[in-house]
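Dear colleague,

Here is the structure I said I would pass on. My notes on it follow below the files.

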Amino acid sequence: MKILAVESSCDDTAAAIVEDGKNIIVSKVASQIEKHKIYGGVVPEVASRNHIESIGALVQSILEESKITFKNLNALAVTYAPGLVGSLLVGVNFIKGLSLATKLPIVPVHHIKAHIASLYLTNHQLKPPFLCLVVSGGHSSIFEVLDYTKIRRVGKTRDDAAGEAFDKVGRKLGFDYPGGVALDLIAGNGDPFSFELPTPLKSETSSYDFSFSGVKTAMINIINQLNQKQQALPLEDLAASFRNCVVEHLVSTFIRASKDLGYKTLGICGGVSANSLLRAHLEAECFKRRWKFFKPEKSLCGDNAAMVACEGYYEFLNNNFAPLNLNAKASENI
Ligand code: KG4
Ligand code: ZN
């Protein structure tokens with residue numbers, strides 16, 4: 001079964017065709033990073049306008065490149081939630097038009113389930129149930145993946161998402177948006193214990209929630225103080241200390257949840273799952289306990305449409321089709 005999918009929930013316009021939820025025939029992402037860099041973050045209005053400009057040509061190019069015609073397709077999948085509503089609406093409406101023209105059914109896909117599906121694309125042997133840490137620019141949550149189409153949230157961030165915190169601190173250190181990527185790179189050369197940062201939700205044992213605003217503010221204060229004293233910023237040490245604190249919080253909470261809930265198969269996904277320390281740290285923690293650990297290949301961590309097509313395959317098997325009045329939803333609620 002071949003599914004064509006589009007993804008436009010934030011600042012990447014993406015289109016892909018995937019066979020049987022496994023084989024990526026073609027997958028392209030038109031990044032808008034250059035357009036948002038000058039503002040230091042994503043401007044929703046700018047994102048919607050860029051999706052409008054890119055989406056038609058992008059879908060045309062994946063069809064031409066793969067030499068696949070609409071007759072060879074079985075369905076059209078689209079991210080309908082959560083995300084920036086103006087951005088989501090572009091993808092949803094585009095797919096509706098395509099469905100009207102081709103008579104192909106529409107499969108609505110939840111963005112978080114799509115990120116989780118990036119794990120199936122990389123690891124064909126992985127099957128639910130497992131516990132999954134979803135960490136991106138918009139989300140930081142732990143989900144029980146009960147089935148391919150059924151997930152239950154057991155923990156969430158109480159303030160910023162991990163990626164958001166990485167980007168804000170990255171920006172303060174002088175890196176272009178998205179700062180998380182550059183911060184991860186230079187952190188490798190720094191001392192993670194050079195700056196003392198507060199441990200988020202230190203005495204929390206009754207929830208699997210996260211919090212990143214305290215450590216983000218502490219970092220900003222340290223940077224402001226150094227700037228006031230006109231001292232050069234030790235970028236590598238600052239980045240290493242922040243990355244270590246965030247990763248420690250993510251890993252310790254995720255491992256505690258896995259122990260309590262009895263999961264021995266763990267996965268991570270979302271843009272921040274590309275973080276090298278997070279990947280290595282979780283790998284080591286799982287190896288120590290003889291638990292199984294799965295991560296997406298780095299190119300599938302960030303937003304892409306191959307993961308939407310993959311989740312679309314399982315939603316199709318579950319008879320989840322959308323009528324032509326499908327609407328976009330900003331909220332994460334499943
Ligand atoms: O999944 P994604 O592409 O978009 C959302 O759904 O939010 O995630 C983007 C986020 C950005 O905040 C970016 O800084 C972060 O993922 N990110 C990283 C790394 N690579 C991407 N954060 C930390 N370390 C990285 N290596
Ligand atoms: Zn995402």
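Asn275 has a polar side-chain atom 3.0 Å from a nitrogen atom of ligand 1. The protein buries 87% of the 550 Å² that ligand 1 exposes when taken alone. Please keep in mind that this is a predicted model.

Two further side chains make polar approaches to the ligand. For Asp167, a polar side-chain atom is 2.6 Å from an oxygen atom of ligand 1; for His111, the distance from a polar side-chain atom to an oxygen atom of ligand 1 is 3.3 Å. There are 20 residues around ligand 1, and those that come nearest are Gly137, Asp167, Asp184, Gly271 and Asn275. Three helices, H4 (111-122), H5 (162-172) and H6 (179-187), each contribute at least two residues to the shell around ligand 1.

His111 leads on to Asp303. The side chains of Asp303 and His111 are joined by a polar contact of 3.0 Å, and a polar contact of 3.0 Å also joins the side chains of Asp303 and His115. Asp303 itself sits in the loop that runs between strand S10 (292-294) and helix H10 (306-317).

Asp184 forms a salt bridge with Arg243, with 2.6 Å between the closest N and O atoms. Asp184 belongs to helix H6 and Arg243 to helix H8 (residues 235-261), so this pair ties together parts 59 residues apart in sequence. Asp184 and Arg243 are both buried. Elsewhere, Lys156, Arg158, Glu204 and Asp209 are joined into one network by salt bridges that share partners.

The count of salt bridges comes to 17. Two others may be worth a look on screen.

- Lys28 and Glu65: the closest N and O atoms of this salt bridge are 2.9 Å apart. The pair links distant parts of the chain, with Lys28 in strand S3 (residues 23-31) and Glu65 in helix H2 (residues 44-66), 37 residues apart. Lys28 counts as partly exposed because its relative accessibility is 26%.
- Lys37 and Glu34: these side chains meet in a salt bridge of 2.9 Å, N to O. Both residues lie in helix H1 (residues 33-37), three residues apart, which is about one turn of the helix. Lys37 is partly exposed, at a relative accessible area of 26%, whereas Glu34 is exposed, at 58%.

The last item is Ala77, in strand S4 (residues 75-81). Is Ala77 buried or exposed? Its relative accessible area is 0%, so Ala77 is buried. Not counting residues up to four places away in sequence, Ala77 touches Ile3, Leu4, Ala5, Val6, Ile95, Val107, Val109, Val308 and Gly312. Ala77 and Leu100 are 23 residues apart in sequence, and their C-alpha atoms are 14 Å apart in space.

Regards

Technical notes:
Residues numbered from 1 in each chain as written. Chains lettered and ligands numbered in written order. Predicted model: local features only at pLDDT ≥ 70, side-chain atom pairs only at ≥ 80, totals over all residues. Heavy atoms only, no water. Helix = DSSP H or I, 4+ residues; strand = E, 2+ residues; numbered from the N terminus. Polar contact = N/O pair within 3.5 Å; in protein donor to acceptor, adjacent residues only side chain to side chain. Near = heavy atom within 4 Å. Areas by Shrake-Rupley, 256 points an atom, 1.4 Å probe, with all protein chains shown as cover. Buried < 20%, exposed > 50% of the residue type's maximum accessible area, 1.4 Å probe, protein only. Contact = heavy atoms within 4.5 Å. Salt bridge = Lys/Arg side-chain N within 4 Å of Asp/Glu carboxyl O.
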